[in-house]
Amino acid sequence: MNYSETIAWLFAQLPMYQRVGQSAYKADLSATIQLANYLNNPEKNFKTIHVAGTNGKGSTSHMLASVFQEAGYKTGLYTSPHLKDFRERIKINGEMIPKKYVSDFVENHKLYFEKNQLSFFEMTVGLAFDYFRKEKVDIAIVEVGMGGRLDSTNIIMPEVSVITNIGLDHTQFLGDTLEKVASEKAGIIKEGIPVIVGETLPETKQVFEKMASEKNAEITFAEINDSSNYASDLKGNYQQKNIKTVLATLRIFQKRGWNISEENIQKGLLNTIKNTGLMGRWQVSGENPKVICDTGHNKEGLRLVMEQLSKESFKKLHIVLGVVSDKDLASVLPLFPKDAIYYFCKPNIPRGLDASLLLTQARGFGLIGEEYISVTKAYSAALEAAAANDLVFIGGSTFVVAEVV
């Protein structure tokens, strides 16, 4: 198979949570452990940082990778989902995995994948770890896909475990209370491995403290740290919280003798986009009218994005909005401003919510606009309607942003 055929096979072969939802979720790690054994345990050949959390884990992972790159380390980065190209998920020093490596890996192991009915995510984790081993990375920053305890990435023994924060997202898998979600995320805490927690709530702090105590893991709460001397090229106001988490993580490596200077940290944070290619985090992609897109998609993430949006200066606000079908609209739609003009659309994935259903629900919360047959049509209509001193915002789902960046 060539690269495009390989990718089509990966996406179509088996259920994948990002595309179809709950039917793709596996409730144990046995298949991943078996796959790692079959591949001769590539994950044991390089050092890692494991990053979980409801919001901010992608930005935190990219900032960490950027700093390690600035410090001269060969740095692997595994994240999900991708926006434009599957290979965004697997990078070394900001460069995507070669297409040939993807096709060869799938070709070489396809019979095993089919025989064992591996999920898209299990195969992708195997591919990433195999590639990082072959390329002899000094360290890999590994972002959890969903949850933590049962995530395919949770076969690694990291140098540091990182949990950015806890919110109610993916509740059908992770639980319907903050304590339950925290418990799933805390599943990445390993025996004797230090853990950094970015933000806590009264309900979650005790969960982390209990798990860390049981695992004899030193725990650091990053939110008490001062990060005022540090700035990033990721411009969302919410990034300041992620910077605190990044700094607390890096301090552990500095104490252990890793050669990471203050200059490396400053430059790494300021060159995250350039060094890693991260897209879609408070990304300004146009002026006159100003165009901003952001992948924030749950209550906690959207609240912060809407707060920052309210501080922008504009005459009229145009919002291109689409969501996935399992989104709890009653918790997110009240966060959106009622004085904006809305362009409702469906992201181009099977799990996308039909634009007419979104429009009907949104009207119940006082959000007024029209429905469009695609994200592209909605975005075009917003640009056409917007004056030079207006603002166009695109969001609601990672998959909506993916279609415009």
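Hi everyone, let's start at D233, which sits in the loop between strand 8 (219–221) and helix 10 (239–255); helices (H or I, at least four residues) and strands (E, at least two) are DSSP runs, numbered from the N terminus. A quick note: this is a predicted model, where local features need pLDDT of at least 70 and side-chain atom pairs count only at pLDDT 80 or more, while totals for chains, interfaces and linings use all residues. Residues are numbered from 1 along each chain as its sequence is written, and side-chain values use heavy atoms, without hydrogens and water.

So what does D233 do for a charge partner? D233 is buried (under 20% relative accessible area, 1.4 Å probe, protein chains only) and has no salt bridge, meaning a side-chain nitrogen of Lys or Arg within 4 Å of a carboxyl oxygen of Asp or Glu. K235, the nearest side chain of opposite charge, is 6.9 Å away. The D233 side chain does reach the backbone nitrogen of I273, at 2.9 Å. Beyond neighbours within four places in sequence, D233 is in contact (heavy atoms within 4.5 Å) with L269, L270, N271, T272, I273 and K274.

Now the largest nonpolar core: 36 residues, with L10, F86, F129 and F132 having the most contacts inside it. Such a core is a set of buried Ala, Val, Leu, Ile, Met, Phe, Trp, Tyr and Cys residues joined through side-chain atoms within 4.5 Å. Helix 6 gives the largest share, 9 residues. A second, separate core has 30 residues, including V51, I196, L234 and I243.

Finally, the whole chain: 17 helices and 14 strands, with 59% of its 405 residues buried. Thanks, everyone!

Technical notes:
Buried < 20%, exposed > 50% of the residue type's maximum accessible area, 1.4 Å probe, protein only. Lys, Arg positive; Asp, Glu negative; His and termini not counted. Polar contact = N/O pair within 3.5 Å; in protein donor to acceptor, adjacent residues only side chain to side chain.
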